[in-house]
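Please look through the structure below with an eye to how side chains meet one another. The report that follows takes up a recorded domain, then aromatic rings, then charged pairs, and lastly a part of the surface.

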Amino acid sequence: MFGTYCRHMAVSVPRAWGHGRGVLDVARLHVRSYSGSSGGHYKVLVLGGGSGGIAMSARMKRKVGAENVAVVEPSESHYYQPIWTLVGAGAKTVRSSGRTTASVVPSGVKWIKSRVQEINPDKSTVRTDDGKEISYQYLIVALGLQLHYEKIKGLPEAFEHPKIGSNYSVKTVMKTWKALQDFKEGNAIFSFPNTPVKCAGAGQKIMYLSDAYFRKTGKRPKANVIYNTSLPVLFGVKKYADALWKLVKARDLNVNLRHNLIEVRPEKQEVVFEKLDSPGETVVYEYEMLHVTPPMGPPEVLKGNLLADPNGWLDVDKDNLQHKTYPNVFGIGDCTNLPTAKTAAAVAAQSSVLDRTISKVMKKEKPDKKYDGYTSCPLVTSYNTVILAEFDYDGQPLETFPVDQSKESRIMYHMKADVMPHLYWHGLLKGLWGGPGPYRKIMHLGMK
Ligand SMILES: Cc1cc2nc3c(=O)[nH]c(=O)nc-3n(C[C@H](O)[C@H](O)[C@H](O)COP(=O)(O)OP(=O)(O)OC[C@H]3O[C@@H](n4cnc5c(N)ncnc54)[C@H](O)[C@@H]3O)c2cc1C
């Protein structure tokens, strides 16, 4: 254990304390490492080794050299979360969604296997749960968001019971598939919370897939499929919402707007929704199958931190992703307050902008590349069709392909199920995929 500390410190001595320090300082440093308080210094420190954190680690490695980059990530496993939609419907295995974190951290980049407990941007330091203090010159915050199943009464304990699942967690995604297979007759209920979420389409994608599964297995006549959403709309972008409403009607799916899940009673197989437009009014449903999209919120460590906005999200400039008050801090992905839908597709587009912003800041120049809010949601509508929603900050479609993407497409399903995972593991995580922007121009013959 000690050997590891000292070896680690020996590497970080020159960078932590600058050149020209004598033997005495090095000896002192070893005393510090003995107490376990110093975690070294890095030119670029990345917090979070998810989609955004690994993509930026790869890009920073190319920019400043692997030995000058570290990523703090407590988890042994890294997941390609978008595929959980298909895992919950039995179309992909959960195994195919994960790899070890060790295998995705770029070679030579230091993986600090700890949880960030405190960020002190005034001192440019971070404290981890094992008591180490790490200092940085530039900080990239990529901490994702938190799932709050516990904010629904009866959860997460109700996941111990059958007939309930959630594609949002690796722990519960297989429970969705089990509930789907075990379905006999009754209500199949799908919820959507009244908080910001990642992939706002995932809660209804599993509804379309479940409907398709019931049809395939002859159970559809006995199923009442219900999507209860807190939102006042089915989807935030009108073009795709219009297409989805048509689909919902054609497939006899029941959508109730402004309904928020507040309680699960697994013994009775009942759920309670509050009606957001009639305060105090609730409605109880029996269920034969329940899929929960949980409330979500910012990472704990950001709440109340100097880096956060009043809602707890990382407060960054929406054009260049630099922090609004700390110029050596940057953000990417779900943990930020960028006013766009939180997706891995957005992370990809953000990664190329952030790469450019950091280059400029390192050269003491003004950031010049602007993020347009590009995000994408492949709305899986059956086991072989997808409506590929792509849009910007203004909720305007920003489509890559020169076709009407609000139409269900088999090619887009193939993209979602087979091409995008490949692009994720071999493109985004290697810092080589910055979103479809350049291809969009080519596809539209330079017109977009
Ligand atoms: C069911 C589902 C379907 C989805 N479908 C799509 C889709 O079709 N298309 C799409 O583009 N996106 C989709 N997404 C969303 C996409 O997966 C996320 O938006 C994306 O992964 C966000 O990347 P991130 O780096 O911001 O966060 P994450 O990838 O979640 O990474 C955050 C990392 O931070 C780490 N972390 C957290 N707290 C700490 C701490 N205190 N210290 C250190 N590390 C910490 C976590 O362990 C995690 O590894 C889907 C997500 C789900 C769950």
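## The recorded domain

In an unreviewed entry, UniProt places the feature "domain: FAD/NAD(P)-binding" at residues 42-345. The model shown here is a predicted one, and in it the chain over residues 42-345 is 21% helix and 28% strand, with the end C-alpha atoms 28 Å apart.

## Aromatic rings

A pair of aromatic rings is described by the distance of the centres and the angle of the planes. A search of the whole structure finds 12 aromatic pairs. In one of them, the ring centres of tyrosine 80 and tyrosine 424 are 4.6 Å apart and the planes stand at 45°, so this pair is tilted. The two partners come from distant parts of the chain, 344 residues apart, since tyrosine 80 is in the loop between β3 (77-79) and α4 (84-88), while tyrosine 424 belongs to helix α10 (residues 410-428). Tyrosine 80 counts as buried because its relative accessibility is 6%, which is under 20%, and tyrosine 424, at 4%, counts as buried as well.

Phenylalanine 235 and tyrosine 240 form an edge-to-face pair, with 6.4 Å from centre to centre and 85° between the planes, and both of these residues are buried.

## Charged pairs

Side chains of opposite charge can pair when their charged atoms come close. The structure holds 25 salt bridges, among them one between glutamate 408 and arginine 251, whose closest N and O atoms are 2.8 Å apart. Glutamate 408 lies in the loop between β21 (386-391) and α10, and arginine 251 in the loop between α8 (238-250) and β13 (254-256), so the pair ties together parts that are 157 residues apart in sequence. Glutamate 408 is partly exposed, at 37% relative accessible area, whereas arginine 251, at 15%, counts as buried.

Another salt bridge joins glutamate 263 to arginine 265, with 3.2 Å between the closest N and O atoms. Both residues belong to a network of salt bridges that links Lys153, Glu263, Arg265 and Glu270.

## A nonpolar patch

On the surface, Tyr439, Ile442 and Met443 form a nonpolar patch, and together they have about 310 Å² of accessible area. Isoleucine 442 lies in helix α11 (residues 437-443) and counts as exposed, with a relative accessibility of 61%.

Terms used:
Residues are numbered from 1 along each chain as its sequence is written. This is a predicted model: local features need pLDDT of at least 70, side-chain atom pairs count only at pLDDT 80 or more; totals for chains, interfaces and linings use all residues. Side-chain values use heavy atoms; hydrogens and water are left out. Rings of Phe, Tyr and Trp (its six-membered ring) pair if their centres lie within 6.5 Å; planes under 30 degrees apart count as stacked, over 60 as edge-to-face and the rest as tilted. Helices (H or I, at least four residues) and strands (E, at least two) are DSSP runs, numbered from the N terminus. Buried means under 20% relative accessible area, exposed over 50%, partly exposed in between (1.4 Å probe, protein chains only). Patches are made of residues with over 30% relative accessible area and no salt bridge: like charges are joined within 9 Å, nonpolar side chains (Val, Leu, Ile, Met, Phe, Trp, Tyr) within 5 Å. Accessible areas come from the Shrake-Rupley method with a 1.4 Å probe; for residues, only the protein chains shown count as cover. A salt bridge is a side-chain nitrogen of Lys or Arg within 4 Å of a carboxyl oxygen of Asp or Glu. UniProt positions are given in the numbering used here, feature names are shortened, and annotations may be inferred rather than shown by experiment.
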